[in-house]
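Take a look at the model below.

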Amino acid sequence: MTPDTNATHLPADTVLAKIPARMPLYLLGRVTTRVDKDGPALYIHWADRAPARYPFSRICRVITSPRVAWTSRALMGCVEQHIPIVFLDAAGEPLAYLTATVENPSRLDGQIEEFVDRPDWPEQFDHWLRAERMRAIDAWLTQQSAAGHTVTQHDYLELVHMQIYQWEQAESSLQGQSIFNGALAALAADRIEKAGLKIRYIGYAGQTLDLASTLAKLLALRLALEMHGLGTTATGEPAALLRILHAFNDKLHEACRQILGRLHRRVKEINELWQ
């Protein structure tokens, strides 16, 4: 996609991932940046280059740094067009989400609302989450075997120990590459909104189920295994890293669909047992 401007190259601090029809918009704010609304488009001003228009019809989600100033008109334009925005903190990690309210809640939304009213929902959800992480590891192991790559029993057990029993402290190969975390958080928010779900649910005794964060972390594990398996760390310029990320776009979208489908089946099962 080319912005409505005479510029022939995308700004260095703005990356549009090339996937059909709608594309994620990354505003990394390396120079003073201001985002406004101009009709059916975002109008972006940079301190060191000509402004550009990005039509809403070509944007699926936005990732923005704290160095980017937004007008209320631009924010409202994204909300009205159901384009989720992920705001990054100073370290480049996801800080907050802006999405439209759920106009047509899905059946899963109702099931989750009922599920989080249970006193034991955090324990039940943790069991499901561990199973999902184990599923990702086993799928990767099967893929490695099919490709003729050997994973030793020691390495497998170490991976399971780290990602299943100490996953909150585990460092994946995406650690330190916050651009991935922001991109995955935005993808998760996009999929969640389109599935008629909420970013976050408030449950029994005020405990929160952060669905977007959970989904993004599961995608991060899958992506880390796909890209690096047991080893190395992703390095490179943000634009190059995002091209790598979006090479896995179809797999990540399918992973979202399958994960949410399994979550639906599990919470429905638990709710029915409770009744």
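## A cavity between helices

The largest cavity holds about 40 Å³ of space. A cavity is a set of points, on a 1 Å grid over the protein atoms alone, where a 1.4 Å probe fits but cannot get out. Volume is the space filled by probe spheres set on the points. This is a predicted model: local features need pLDDT of at least 70, side-chain atom pairs count only at pLDDT 80 or more, and totals for chains, interfaces and linings use all residues. Residues are numbered from 1 along each chain, and side-chain values use heavy atoms, without hydrogens and water.

Lining residues have an atom within 4 Å of a point. Among them are F125, W128 and T214. α6 (211-228) supplies at least two of the lining residues; its share, four residues, is the largest. Helices are DSSP runs (H or I, at least four residues), and strands are runs of E, at least two.

## Helix α1

A74, G77 and C78 are the buried residues of α1 (72-80). They lie on the same side of α1 because they cover an arc of only 95 degrees around the axis. The arc is that of the directions from the helix axis to the C-beta atoms. S72 and E80 are exposed, on the face turned away from the buried side. Buried means under 20% relative accessible area, exposed over 50% (1.4 Å probe, protein chains only).

## Confidence

pLDDT is the predictor's confidence in each residue, from 0 to 100. The chain's mean is 85.

| Stretch | pLDDT |
|---|---|
| residues 1-20 | below 50 |
| residues 171-176 | under 50 |

Methods. Contact means heavy atoms within 4.5 Å. On a 1 Å grid over the protein atoms alone, a cavity is a set of points where a 1.4 Å probe fits but cannot get out, and a pocket is an open set with protein on both sides within 12 Å along at least five of seven lines; lining residues have an atom within 4 Å of a point.
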